[in-house]
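Work through the exercises below with the structure open beside you. Each task is followed by a solution in steps.

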Amino acid sequence: MSKKNPSKKQFTVLLIAIAVIGAGALGWVITRPKGGGEVIDPNMPLGTAQGFLMGSPDAPVKIVEFADFECPACSEFATLTEPDLRERLIKTGMVSMQFFVFPLPMHKNTWPASNAAYCAGEQGKFWEMHDRLFYTQDLWNGLATSSPDKKMKGYAKDISLDVSKFEACFDSKKHYPDIKASGAEAERFGVSATPTLIIGGKRYFENLSYDFIKKLVDDEIAKLGKADTAGKRAK
Amino acid sequence: MTRRMIIAALALVGLYVAMYLWLFKLGLVGSLACKVGGCEQVNTSPYAVLLGRPVAFWGVAYYVAMFVAALLGTAERFVADRRFAVVLVVLTGWGVLFSAWLTWLELAVIHAVCMYCVISAVIVVIMFVLAMLELRADRATPA
């Protein structure tokens, strides 16, 4: 057995060394300057939880998405799954999608990114900015830069916004209360991870594949068809 | 140094790894320092929450328990106590199973690997091997 003549002193020194190095490292990551991470006033009033709609408001199946512009899984969903979703389900009128931003506290640049999307939305180009942000996430996220504002303003030019109007909106931060309200809406729905999709009244936290979403949509349409038939019979 | 001492030291390292991930979930450390793998993708996924609390929180609780058990086991009065060897095997065995489940989720469901989770899994496996060796050695020793 390994209990003969244990080197207690050596052990104590080792534990102290680990404790000091570990506490030092954690202390450093907590107190280091967070660069572009904005301090959001917790007392900021709530604005309007405005979701951004894509597709026909009369589409039989409605999908609600809660996502964070700086979340890698959301970017994966937006760049890999969403193109199929748009092309095959939204453009064909089967589905509409409403997007709510849900800025997570660990992401340093998510508020400026959400702000950029809202300001692009003022000029009717929310989705163009949405795509730009997700497709270039690794160029403006908290690991890439501590000053994302310049990037956001560059994107406004890229997607042909009226840049001076965009900058006035972006710098005023007037949509911050709305972004906060959108996050509160996510919490009201019990959302704790991103992306979260709500399809047919059910929450899905996973990064769903197109095939899975298609199946859910088909099931919903089948249910609606049955309900419609039953309604006609009742009449 | 005895195996129990090494287990205690490893548990302390694991505790700091889990605390880092927990602080991330609390929004206190900004982005994770993670140049390899998809730490954020794993830690912002729905599977990073268990029973209403972040998995990292359970990791902290687990490593605290491991550290206390291993440290107590090194105390003079408990050094010969075989029950500690059994407790360490049970705790580390549970840790291995839990880590295996998390690793499976990363590979098969989330499709991203968090290097801190890998570090934690390696620590747990080493602790388990040491605990097993301790138990075997204990059995071989005549009472």
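**Exercise 1.** In which sense do strand 1 and strand 3 of chain A pair, and over how many bridges?

Solution. The model is predicted. Step one: find strand 3 at residues 95-101 of chain A. Step two: compare the directions of strand 1 and strand 3 of chain A; they pair in the antiparallel sense, over three bridges. Step three: pick out one facing pair, A:Phe52 opposite A:Phe99 in strand 3 of chain A.

**Exercise 2.** Give the strand order of the open sheet in chain A and name its edge strands.

Solution. Step one: follow strand 2 (residues 61-67) of chain A to strand 4 (residues 196-199) of chain A, its antiparallel partner over four bridges. Here A:Val64 faces A:Ile198 in strand 4 of chain A.

Step two: go on from strand 4 of chain A to strand 5 (residues 202-204) of chain A; this pairing is antiparallel too, with three bridges. A:Ile198 stands opposite A:Arg203 in strand 5 of chain A. Two residues lie between the strands of this hairpin, and A:Gly200 takes a positive phi near 60°.

Step three: write out the order of the five strands, 1-3-2-4-5, with mixed pairing. Strand 1 (52-54) and strand 5 of chain A are the edge strands, since each pairs on one side only. On average, neighbouring strands of the sheet are turned by 20° against each other, direction ignored.

**Exercise 3.** Which strands of chain A does helix 8 lie across?

Solution. Locate helix 8 at residues 176-188 of chain A. The helix lies across strand 2 and strand 3 of chain A, and runs at about 115° to strand 3 of chain A.

**Exercise 4.** Describe the side of chain A that touches chain B.

Solution. Step one: count the residues in the contact, 32 from chain A and 31 from chain B. Step two: see which element of chain A gives the most to this side; helix 1 of chain A does, with ten residues. Step three: sort the residues on the chain A side into 19 nonpolar, nine polar and four charged.

**Exercise 5.** Which residues touch the most other members of the largest nonpolar core?

Solution. Step one: the core has 97 residues, and A:Ala116, A:Ala117, B:Ala11 and B:Met127 touch the most other members. Step two: helix 1 (residues 3-25) of chain B gives the most to this core, with 15 residues. Step three: look around B:Met127, whose contacts include B:Ile7, B:Leu10 and B:Ala11.

How values were computed:
Residues are numbered from 1 along each chain as its sequence is written. Chains are lettered from A and ligands numbered from 1 in the order in which they are written. This is a predicted model: local features need pLDDT of at least 70, side-chain atom pairs count only at pLDDT 80 or more; totals for chains, interfaces and linings use all residues. Two residues are in contact if their C-beta atoms, placed from the backbone, lie within 7 Å. Ala, Val, Leu, Ile, Met, Phe, Trp, Tyr, Cys and Pro count as nonpolar, Asp, Glu, Lys and Arg as charged, and the others, Gly among them, as polar. A nonpolar core is a set of buried Ala, Val, Leu, Ile, Met, Phe, Trp, Tyr and Cys residues joined through C-beta atoms within 7 Å. A residue is buried if 20 or more other C-beta atoms lie within 10 Å of its own, exposed if 12 or fewer, and partly exposed in between; C-beta atoms are placed from the backbone. Two strands pair if DSSP finds at least two bridges between them. Axes are lines fitted to C-alpha atoms, for helices over the stretch in contact, and angles run from 0 to 180 degrees between N-to-C directions. Lists of a residue's contacts leave out its neighbours within four places in sequence.
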